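Welcome! Please take a moment with the sequence and the model shown here, and then let us walk through a few of the features together.

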Amino acid sequence: MKALNILIEASGSLTSTAMISAIKAAGHRVCGSDISDFNAAAHLCDDFIIMPRANDAHLWEHTQELLIKHHIDVVIPTLDESLLGWSMRRTKLAREGIAVFISPPRTIQTFLDKWKTYRFFRAHNIPTPKTALFTHHGVLKPRFGRGGAGITILSKTQLEQYYTDLTGGGAK
C-alpha cells in the first residue's frame, strides 16, 4: 500500500497531535497546516503549509495550488469556519486526485447551526436537550460558533431590557 500524504487543516489545535500520531503510526506522511507555524504541529509533521487567511479573496484558489504543490492525497478539514468551503469543493479537488474527508454541504449546513441540529435530532428521534431560539433564562448563546464564543450571561435587569426591546414592551 502506498503511503498517503495527508493534510490536517488547522493543525495548530490541541486535538491535532493525536491525529498526527495516529496517521504516522498507520505509515502515512502528515502535512500540517495553519495560518502560522507557531504551533506544535509545525514541528511534529513531515511537512507544513502556511495557509491563506479566511478573508483572502483568493482563499480557495491559493489553497488548491498549495495542495497540488505539496502533493497532498487526502485532506482532513477541522476548522468550523471552512468546513462548508471544503465540502463544496470536494468534487473539484477529487478531479485533481485530492480526496477530502468531509460530509456533503447539506449535512455541514445542518450541523454548523445549533438550531438546525436540534430540529434534525428531534425529527429523527435522537435524544437531545430541549432548546429554543428565544428563552428567558439569562443566557444567550449564538446559533453558530464554538468554544463558548459569544455566550452572554445577562443580569435580571439586562434580561428584562432584552425582552422589552425584543417584544416592544410586550409580555415576557
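Let us begin with phenylalanine 120, which has a relative accessibility of 30% and so counts as partly exposed. Keep in mind throughout that this is a predicted model. Phenylalanine 111 is also partly exposed, and its relative accessible area is 37%.

Phe111 and Phe120 belong to one aromatic cluster, together with Phe121.

## Aromatic pairs

How many aromatic pairs does the structure hold? There are five. One of them joins tryptophan 60 and tryptophan 86 in an edge-to-face arrangement, with 5.0 Å from centre to centre and 85° between the planes. Tryptophan 60 sits in helix α3 (residues 59-69) and tryptophan 86 in helix α4, so this pair ties together parts that lie 26 residues apart in sequence. Are these two tryptophans buried or exposed? Both tryptophan 60 and tryptophan 86 are buried.

Phenylalanine 111 and phenylalanine 120 make a pair too: their ring centres are 5.2 Å apart and their planes stand at 75°, so this pair is edge-to-face. The angle is over the 60 degrees that this label needs.

Helix α4 spans residues 80-95, and serine 87 is part of it. With a relative accessibility of 4%, serine 87 counts as buried because this value is under 20%.

Which residues does serine 87 touch, leaving aside those up to four places away in sequence? They are Ile102, Ser103, Pro104, Pro105 and Ile108. With serine 103 there is also a polar contact: a polar atom of the serine 87 side chain lies 2.7 Å from the backbone oxygen of serine 103.

## The sheet

Now for the strands. Five of them form an open sheet with parallel pairing, and their order is β3-β2-β1-β4-β5. At the edges are β3 (47-50) and β5 (99-100), each of which pairs on one side only.

Strand β2 (residues 29-34) runs parallel to β3, and four bridges join the two. Where is the bridge partner of aspartate 34? The partner is isoleucine 50, in β3.

Technical notes: Residues are numbered from 1 along each chain as its sequence is written. This is a predicted model: local features need pLDDT of at least 70, side-chain atom pairs count only at pLDDT 80 or more; totals for chains, interfaces and linings use all residues. Side-chain values use heavy atoms; hydrogens and water are left out. Buried means under 20% relative accessible area, exposed over 50%, partly exposed in between (1.4 Å probe, protein chains only). A polar contact is a pair of N or O atoms within 3.5 Å; within protein, one must be able to donate a hydrogen and the other to accept it, and residues adjacent in sequence count only if both atoms are side-chain atoms. Contact means heavy atoms within 4.5 Å. Two strands pair if DSSP finds at least two bridges between them. Rings of Phe, Tyr and Trp (its six-membered ring) pair if their centres lie within 6.5 Å; planes under 30 degrees apart count as stacked, over 60 as edge-to-face and the rest as tilted.
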